[in-house]
Amino acid sequence: EEAAKMQHDAKHRREYLLECLEEGKTEEARAALRKAGEERGKTVIWTGVRYVDFIINSRKEEMDQWEIAFVCEGELQSLPMEGEDACVILGNLLDNAIEAAKQCAEGKRRIRLNISNRNELFQLCLENTSIQRPKVKERRFYTTKEDRFAHGWGIENVKLLVEKYQGVILFEY
């Protein structure tokens, strides 16, 4: 419930932060971010890139609430993409992994993330438990949620960003 409450108001918090920044009120924006960080708790996953750590740790709290075992491996020195794009990719993939793992029986909920870069090669591998095969039609994933207009776009956005950086993306069940 706590994760759902925070997620529900995230849009409003972003709007407030954007307004603060547009009006030059950077101290107010910093204070709001610090407060949100304190409410979220301490960072527990360190990859080496702060905004990646933020995305992972914000999702880790939800995993903990749903008793999803989480393993994160790897080390980053940098990312070969814009920070916003990395957050969209990682956020969407983790959201989908959490959604699938939540459906599994207690004790069988797992997510494993391996993220690293070496010699100009970036690799992200995300594995999660699931009780059902994803719905795919013509190489497009379909949401199982009722509101199909508002949901089901995450993987498509990830595919577009991977293509933008001339990457390769593979899905396996």
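**Group meeting: a walk through a predicted chain**

Helices here are DSSP runs of H or I with at least four residues, strands are runs of E with at least two, and both are numbered from the N terminus. The model is a predicted one, in which local features need pLDDT of at least 70 and side-chain atom pairs count only at pLDDT 80 or more, while totals for chains, interfaces and linings use all residues. Residues are numbered from 1 along each chain as its sequence is written, and side-chain values use heavy atoms, with hydrogens and water left out.

Not counting residues up to four places away in sequence, Leu-126 touches Leu-93, Leu-94, Ala-97, Ile-111, Arg-112 and Leu-113, where contact means heavy atoms within 4.5 Å. Leu-94 is 32 residues away along the chain from Leu-126, yet their C-alpha atoms are separated by 8.0 Å.

I turn now to the chain as a whole. The chain has five helices and five strands, arranged along the sequence as α-α-α-β-α-β-β-β-β-α. Of its 173 residues, 30% are buried. Among contacts between residues at least 6 apart in sequence, 58% join residues at least 24 apart.

The largest nonpolar core contains 26 residues, and Val-52, Ile-56 and Ile-111 have the most contacts inside it. Such a core is a set of buried Ala, Val, Leu, Ile, Met, Phe, Trp, Tyr and Cys residues joined through side-chain atoms within 4.5 Å. At least two residues of this core come from each of α3, α4, β2 (110-118) and α5, and α4 supplies the largest share, eight residues. Beyond four places in sequence, the residues touched by Ile-111 include Met-63, Phe-70, Leu-94, Ile-98 and Leu-126.

How far apart are the end C-alpha atoms of helix α3? They are 23 Å apart, which agrees with the 22 Å that its 16 residues (50-65) should span at 1.5 Å a residue; the expected span is 1.5 Å times one less than the number of residues.

After α3 comes Glu-67, in the loop between α3 and β1 (69-73). Most residues other than glycine have a negative phi. Glu-67, however, has a positive phi near 55°, and at 53% relative accessibility Glu-67 counts as exposed. Gln-166, in the segment after α5, also has a positive phi near 55°, and counts as exposed at 68%.

Finally, a helix pair. Helix α4 (residues 83-102) and helix α5 (residues 154-164) pack at about 145°, their axes 9 Å apart. Axes are lines fitted to C-alpha atoms, for helices over the stretch in contact, and angles run from 0 to 180 degrees between N-to-C directions. Val-88, Ile-89 and Leu-93 are among the α4 residues at this contact, and Ile-155, Val-158 and Leu-161 are among those from α5. By class, the contact has seven nonpolar, four polar and two charged residues; Ala, Val, Leu, Ile, Met, Phe, Trp, Tyr, Cys and Pro count as nonpolar, Asp, Glu, Lys and Arg as charged, and the others, Gly among them, as polar.

Terms used:
Buried means under 20% relative accessible area, exposed over 50%, partly exposed in between (1.4 Å probe, protein chains only).
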